[in-house]
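This report describes the fold of one protein chain and then some of its parts. Please look over the sequence and the structure before reading on.

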Amino acid sequence: MVATTTVRHHAIRTKLADALRKLKYTVYEEVHGTADNGSKRRIDIIAISESLSQGMIIDPTIRFETYKGQPEDVHEEKRAIYVPTIPYYKDKYQLHDISVTGLMFGARGTIPNFSSQFCKTLGLHKSFQNELALLIIKESVKLLRNHVYGP
């Protein structure tokens, strides 16, 4: 049986990946790669803008909100993990540049300003963010229900 936190994460990742596909990005999910030091990594999303030959590694993370600077800390945490994989993915997809963004979404459906601004930059406006927030709440309630009552 798959853990409900994994199910919630996959639901959010897929919704974000599908939205990027609608914006004409080439999108791959759960891609295995190698960091500079030889360690193995798996990125959640790589979105490629074919016209610009640029890619974005995007790692959506759902966490219980605990302090104001948490979204920025999550972003830096994810950058530390995935920046060492950039040479591998640049070579694999023949890209000129790749950025890394860790997006934090609150377990209670909040979308911090950092994540909201990133979504807006991509063209994912308020309606998408509202749908995403509702999906997070729905999946979090399932997780809580499973925790309280069992599978």
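## The chain as a whole

The model is predicted. The chain contains five helices and four strands. Their order along the sequence is α-β-β-β-α-α-β-α-α. The radius of gyration is 16 Å, close to the 15 Å that the globule rule gives for 151 residues, so the chain is as compact as a globular protein of that length. Along the principal axes, the C-alpha atoms fill a box of roughly 50 × 35 × 30 Å.

Of the 151 residues, 44% count as buried. The accessible surface of the chain is about 8,400 Å², and carbon and sulfur atoms make up 54% of that surface. Among contacts with a separation of 6 or more, 61% are between residues 24 or more positions apart.

Which residues of helix α4 are buried? Helix α4 covers residues 113-122, and its buried residues are S115, S116, F118, C119 and L122. Viewed down the axis of α4, these buried residues fall within an arc of 160 degrees, so they line one face of the helix. They pack against α1 (4-22), β3 (54-63), β4 (97-106) and α5. The face turned away from the buried side carries N113 and T121, which are exposed. Just after α4 comes G123, with a positive phi of about 100 degrees.

## A nonpolar patch on the surface

L134, I137 and V141 form a nonpolar patch on the surface. Together they have about 270 Å² of accessible area. V141 belongs to helix α5, which covers residues 126-149. V141 counts as partly exposed because its relative accessibility is 47%, a value between the cut-offs of 20% for buried and 50% for exposed.

## Salt bridges

The structure holds ten salt bridges. Three of them are set out in the table.

| Pair | N to O distance | Location |
|---|---|---|
| D18 and R21 | 2.8 Å | both in helix α1 |
| D59 and K78 | 3.6 Å | strand β3 and helix α2 |
| R108 and E65 | 3.0 Å | loop between β4 and α4; loop between β3 and α2 |

D18 and R21 are three residues apart, about one turn of the helix. Both ends of this pair are partly exposed: D18 has a relative accessible area of 36%, and R21 has a relative accessibility of 33%.

Are D59 and K78 buried or exposed? Both are buried.

R108 and E65 also meet in a salt bridge. R108 lies in one loop and E65 in another, so the pair ties together parts that are 43 residues apart in sequence. E65 is buried, with a relative accessible area of 15%.

Salt bridges also link R13, D18, R21, E29, E30 and R42 in a network. The D18 and R21 pair from the table is therefore among the residues of this network.

Most residues other than glycine have a negative phi. E30 is not a glycine, yet its phi is positive, at about 50 degrees. E30 is placed in strand β1, residues 26-34. This residue is partly exposed, with a relative accessible area of 23%.

Q94 is not a glycine either, and its phi is positive, at about 55 degrees. Q94 lies in the loop between α3 (86-93) and β4. With a relative accessible area of 57%, Q94 is exposed.

Where does S53 lie? S53 is in the loop between β2 (40-49) and β3. Its relative accessible area is 17%, so S53 is buried, the cut-off being under 20%. Neighbours within four places in sequence left aside, S53 is in contact with Q94, L95, H96 and D97. Q94 in this list is the residue described above with a positive phi.

Note on methods:
Residues are numbered from 1 along each chain as its sequence is written. This is a predicted model: local features need pLDDT of at least 70, side-chain atom pairs count only at pLDDT 80 or more; totals for chains, interfaces and linings use all residues. Side-chain values use heavy atoms; hydrogens and water are left out. Patches are made of residues with over 30% relative accessible area and no salt bridge: like charges are joined within 9 Å, nonpolar side chains (Val, Leu, Ile, Met, Phe, Trp, Tyr) within 5 Å. Accessible areas come from the Shrake-Rupley method with a 1.4 Å probe; for residues, only the protein chains shown count as cover. A salt bridge is a side-chain nitrogen of Lys or Arg within 4 Å of a carboxyl oxygen of Asp or Glu. Helices (H or I, at least four residues) and strands (E, at least two) are DSSP runs, numbered from the N terminus. Buried means under 20% relative accessible area, exposed over 50%, partly exposed in between (1.4 Å probe, protein chains only). The arc is that of the directions from the helix axis to the C-beta atoms. Contact means heavy atoms within 4.5 Å. The radius of gyration is taken over C-alpha atoms; the globule rule is 2.2 Å times the number of residues to the power 0.38.
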